[in-house]
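Subject: Structure handover

Dear colleague,

Here is the structure, with its sequence. My notes on the salt bridges and the surface follow below it.

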Amino acid sequence: MNVSLTPELEQFLQHQVEGGKYKSPQEVILAALRAFAERERIYKGRFEELRGEIMVGVEASKRGEVVDGETVFSQLEQKLLLRRSQAGE
C-alpha cells in the first residue's frame, strides 16, 4: 500500500525517527495506527455507555420519573468536566 503524506507529516515522521524512539517511519505509522485504533475502541465504548444511559432515561420517563431539564444539563456538564479532567484534557 502506498500513502501520500503532506510535507509536514513527512517531516514529523522524520523527526520521530531522528529522536531515536522509532527505528523507521513505518514504526511511527504503526504506532499512530495503534493509537488511533485504541481511540476508536474507547469512543465505541463511550457510545455504548451513552446508549445504555439513554435507555435508562427512556425507561424512567415511561414510568413518569422525569427531572427538570436545567438539572439534567447541569449534571451532564459536571460529568463531562470530570471525564475531561480524568482524561487529562
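A residue is called buried under 20% relative accessible area, exposed over 50%, and partly exposed in between. R39, with a relative accessible area of 42%, is therefore partly exposed. Please keep in mind that this is a predicted model.

Salt bridges

Seven salt bridges turn up in a search of the whole structure. In one of them R39 pairs with E40, and the closest N and O atoms are 3.9 Å apart.

Another joins E49 to R83, with 2.1 Å between the closest N and O atoms. Because E49 lies in helix α2 and R83 in helix α3 (residues 69–87), this pair ties together parts that are 34 residues apart in sequence. E49 is partly exposed at 36% relative accessibility, and R83 is partly exposed at 30%.

K62 and E59 also form a salt bridge, at 3.7 Å from N to O. These two are three residues apart in helix α2, so about one helical turn separates them. K62 counts as exposed, with 63% relative accessibility, whereas E59 is partly exposed at 35%.

Nonpolar patch

On the surface, M1, V3, L5, L9, I29, L30 and L33 make up a nonpolar patch, with about 730 Å² of accessible area together. Helix α2 (residues 25–62) contributes the most to this patch, with three residues. V3 sits in the segment before α1 (7–18) and is exposed, its relative accessible area being 59%.

Regards

Conventions: Residues are numbered from 1 along each chain as its sequence is written. This is a predicted model: local features need pLDDT of at least 70, side-chain atom pairs count only at pLDDT 80 or more; totals for chains, interfaces and linings use all residues. Side-chain values use heavy atoms; hydrogens and water are left out. Patches are made of residues with over 30% relative accessible area and no salt bridge: like charges are joined within 9 Å, nonpolar side chains (Val, Leu, Ile, Met, Phe, Trp, Tyr) within 5 Å. Accessible areas come from the Shrake-Rupley method with a 1.4 Å probe; for residues, only the protein chains shown count as cover. A salt bridge is a side-chain nitrogen of Lys or Arg within 4 Å of a carboxyl oxygen of Asp or Glu. Helices (H or I, at least four residues) and strands (E, at least two) are DSSP runs, numbered from the N terminus. Buried means under 20% relative accessible area, exposed over 50%, partly exposed in between (1.4 Å probe, protein chains only).
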